[in-house]
Amino acid sequence: MKKLLCAIASAVICCGQAIAADAPAAIEQGTVWLDTDGNPINAHGGGMLYHDGKYYWYGEYKTGETVLPDWATWEAYRTDVTGVSCYSSPDLTTWTFEGIVLPAVKDDPDHDLHPSKVCERPKVVYNAKTGKFVMWFHAESADYSKACAGVAVADSPTGPYTYLGSFRPNEAMSRDQTVFVDDDGKAYQFASSENNQTLYINELTDDYLRPTGRFTRNFIGMSREAPAVFKRDGKYYMLSSGCTAWDPNKAELAVADSVMGPWTTIGEPCTGPEADKTFYGQSTYVLPVQGKDGLYIAMFDRWKKTDLADSRYIWLPIDFSGESITIPWRESWSPSDF
Ligand code: GAL
């Protein structure tokens, strides 16, 4: 196993070796990334939160065997639900496992978090008004017919999170999803809807726990999935994938002057080898890095559909310097380069 991340700020143990304090931190795409205990980081379909000087990384904790159910008419590979994991880091390179902050509920077969269900794409946002940490995720049945959003809430970024239940926002299907908080504190859920044919942007209530009822239908007939939303210089951007289950496809970037749209597709941002397959990745989040003006990291999952627990990560800086916005391939790089 190769290491992906090594600390810059302090000496850490990585692959059983002490790394010198001044060693450059390297993000090595698609290798096994280790936490500070030396275990592979397990946080897929994830999202980031920056809070009080720390980064928190939430994701699907995938363990155990990957199976293709008997009924599957498509490549519905799955692992049992284990829960949502959380890792923390001061510098985006050294990650400490904070535990499974929303665990599976093993004793209730009807619960959304029962191992037999599906729990994907968790995102956590902080609500400054209520002081709560709010998690939204894709709450599914094994056959993906439920198409709901699940919501959980906590007093601390590392939980424990209390599950509040699931529903279809604005009565519409909600599958791949993310939550975006604007500068004015208003939050929005972006979700693939209507059998993944459209993407709904659902404005959330002030406590971020429910939709207000105000929503827009976007990317109609375009089958966008894996939305990752960010704001730069007053404009809103959404990175997304096409709709081919665990298999890679071409990423697309879209832009809007107003968060609820209208949105305009700009085109494929990835450049370099296998760019038309998003480097064998699928978007999950775009992180504006604190204190590094202009550094936005596009985060992708590199799914391994027949062994989902061994899926990997690709993180790439977005390049805004040219005429168009691009995400060039880099085999390895370091946030300290910026
Ligand atoms: C992908 C989606 C993943 C997962 C997968 C299941 O299209 O982005 O989050 O739902 O399908 O096949």
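What is the volume of the largest cavity? About 120 Å³.

1. Basis. This is a predicted model, in which local features need pLDDT of at least 70, side-chain atom pairs count only at pLDDT 80 or more, and totals for chains, interfaces and linings use all residues. Residues are numbered from 1 along each chain as its sequence is written, and side-chain values use heavy atoms, with hydrogens and water left out.

2. Cavities. The structure holds 3 cavities of 30 Å³ or more. Of the 16 residues lining the largest cavity, Lys62, Thr79, Asp80, Val81 and Cys119 are closest to its centre. A cavity here is a set of points, on a 1 Å grid over the protein atoms alone, where a 1.4 Å probe fits but cannot get out; lining residues have an atom within 4 Å of a point. Grid points are joined across faces, edges and corners, and a volume is the space filled by probe spheres set on the points.

3. Cavity lining. S8 gives the most, with 3 residues. By class, the lining has 7 nonpolar, 3 polar and 6 charged residues. Ala, Val, Leu, Ile, Met, Phe, Trp, Tyr, Cys and Pro count as nonpolar, Asp, Glu, Lys and Arg as charged, and the others, Gly among them, as polar.

4. Lys62. Lys62 sits in the loop between S5 and S6. Lys62 counts as buried because its relative accessibility is 7% (buried is under 20% relative accessible area, exposed over 50%, partly exposed in between, with a 1.4 Å probe and protein chains only). The side chain of Lys62 makes a polar contact with that of Glu60, at 3.1 Å. Such a contact is a pair of N or O atoms within 3.5 Å; within protein, one must be able to donate a hydrogen and the other to accept it, and residues adjacent in sequence count only if both atoms are side-chain atoms. Leaving out residues up to four places away in sequence, Lys62 touches Asn42, His44, Thr79, Trp246, Trp303, Leu308 and Ala309 (contact: heavy atoms within 4.5 Å).

5. Strand S5. Strand S5 (residues 54-60) is largely enclosed by the rest of the structure, because 6 of its 7 residues are buried. Strands are DSSP runs of E, at least two residues, numbered from the N terminus. S5 runs antiparallel to S4, with 6 bridges, and antiparallel to strand S6 (residues 83-89), also with 6 bridges. Two strands pair if DSSP finds at least two bridges between them. Met48 has Trp57 of S5 as its bridge partner; Tyr56 has Ser88 of S6. In the hairpin of S4 and S5, with 2 residues between the strands, Asp52 takes a positive phi near 50 degrees.

6. Largest pocket. Its volume is about 760 Å³. A pocket is an open set with protein on both sides within 12 Å along at least five of seven lines. The lining has 37 residues, and Phe180, Val181, Asp182, Asp183 and Tyr285 lie nearest the centre. They divide into 20 nonpolar, 7 polar and 10 charged. Strands supplying at least two lining residues each include S4 (44-51), S8 (118-127) and S16.

7. Phe230. Phe230 lies in strand S16 (residues 225-232). Phe230 is buried, at 2% relative accessible area. Beyond neighbours within four places in sequence, its contacts include Phe180, Tyr237, Val286 and Phe320.

8. Second largest pocket. About 300 Å³ of space lies here. Of its 17 lining residues, Trp74, Tyr144, Asp176, Glu225 and Ala245 lie nearest the centre. The classes are 6 nonpolar, 5 polar and 6 charged.

Technical notes. Helices (H or I, at least four residues) and strands (E, at least two) are DSSP runs, numbered from the N terminus.
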